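The model comes up first, then the questions.

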Amino acid sequence: MTKPEKPEKIRCDACPVMCYIADGKSGACDRYANHGGDLIRLDALTILESSDQKLVPFLQTDQDNLDEPAWNGDIVKGDRPFVTAVGAGTTYPDYKPAPFIVSQEIEGVDMVTVVTEGIFSYCGVKVKIDTDRHIGHERDVVWVEGEPIGHVMTSEYGSKMLSLGGVEHLTGGSKKEGRVTCDALLRLCNREAVDLQIGPENDLINVTVQAGKAPVINGVEERLMRVGCGSATIGMFAKQWLGHADEVVVVDDHITGVLSEHEAGKQLDVPATGIKIMGRRSTPGRYFQVAEPGTGWGGTNIDDPLQILGPFNSKTAWSGQRLLMVSTTGEQFAYFELDDALEPQPAKMPEPLQKSAELIAENCEPSVCSVLFMGGAGGSLRAGVTENPVRLTRSVKDALTHVSCGGAQAYVWPGGGITVMVDVLDMPIGSFGYVPTPALVAPVEFTLRRSDYGALGGHMTEIRRVSDIATPETRKVARSGRAHDPMSAANYRWSKGGET
Ligand code: SF4
């Protein structure tokens, strides 16, 4: 009796790892598998269709509504199907054409979309966290599982910013640093929650970040993004306070505002109150550094607002003076009246002032985390489009080629190369993968006129009609009518009377 033949392993050549995969097994990235001797991409190719339906999850999970009708594979009836690179596969090494080069006629123009999943060693995410609370100083290190994966960037108006990933963390540190960084990026890009620790070891701040969700800072879920800085808040709400308070202080870690000294107060004839703020005066009614950054009032470390006040000037202040102190989100507020010794004493807040704090809170937007993937199109990506890659770069800059990621609008940075940035919430769920080199795998599509594709040295013999791409396994994702349309003529210079 002869021994049954052991199934031969096949080699996956979709990335530099070059896995040997046995029958019925998947490769190191779980994206490719050996199915009876054939190398298959495990995630389905995703096609976007214009529709008013809600987005269908890319990978159906137990939580998804399984009663939703499954797609019958008929893409031709859909209005402008767009073949995304999600599930398209990668090409390696660089000289091979992209996995799908698809043509279809759009409003009389023959368009081509080159579809590929790019392997990004040079990539990261920019995270915007809408909060005033201190989540670390600029340049503080961001850690996951004890590994450095990025740093705190400049704060923006009402938001803190993180820069995570990048080639130095993916490849420039230890093996574990690269693996942990890649895993954190993958989860953030696929809209999962990731726990970050920020700052020096003896003063770590825990921040949980998830695209489209409120941040959780040291276990407390943030609610509101501030209405403005302290100075802006004085300007916006000055009239609400007239007649109800003699002085208003809007406590803010960046710019604390003081009504009587502020230009808004001056123009409304608010008299001087003799107040003293313990901070660095910038311009009238605007103070910097009233306290240390923290998770208290207005992003400071204080819970008692009186801490930022010095003694009132006895020549100007008066007994019975009414003082409102409020934070930039209106969530914290306190009302005081000066006693005969000109000391502020807590008092019952008049209703109009209570309402003004509520109005500040009402004008605040919900606090959310935004995750933007950022990466540069390298050799495989560009050579998969054309044999002359620099022509693709020029074509993108000349607005003859439109770049999208999973069908979502990508911002292309000025200057050299094709460096794109895209909001992961605009992309189909589960758009990202990884390879253990380590690198992130992200979908990228280049769309242009067929004539332009020929002119830049495209792989013309590889072009297929969109109707030939669909298989029963292809996944259809509905796209709302308001979503970005990569094939809209408005994306291209030739539609604007430019050179054709
Ligand atoms: S890591 Fe994935 S893409 Fe790379 S060779 Fe292995 S199976 Fe193929």
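Ala, Val, Leu, Ile, Met, Phe, Trp, Tyr, Cys and Pro count as nonpolar, Asp, Glu, Lys and Arg as charged, and the others, Gly among them, as polar. This is a predicted model, where local features need pLDDT of at least 70 and side-chain atom pairs count only at pLDDT 80 or more, while totals for chains, interfaces and linings use all residues. Residues are numbered from 1 along each chain as its sequence is written.

Q: How does the shell around the ligand divide into nonpolar, polar and charged residues?
A: By that sorting, 11 are nonpolar, 1 is polar and 1 is charged.

Q: Which residues around the ligand come nearest?
A: Out of 13 around it, C12, C15, C19, G27 and C29 do; to be near, a residue needs its C-beta atom, placed from the backbone, within 6 Å of the molecule.

Q: What makes β9 and β12 a pair?
A: Strands (DSSP runs of E, at least two residues, numbered from the N terminus) pair if DSSP finds at least two bridges between them. Antiparallel β9 (residues 123-130) and β12 (residues 159-165) have 7 bridges, so they pair. K126 stands opposite S163 in β12.

Q: Where does G158 take its positive phi?
A: In the hairpin of β11 and β12, with 6 residues between the strands, G158 has a phi near 85°.

Note on methods:
Helices (H or I, at least four residues) and strands (E, at least two) are DSSP runs, numbered from the N terminus.
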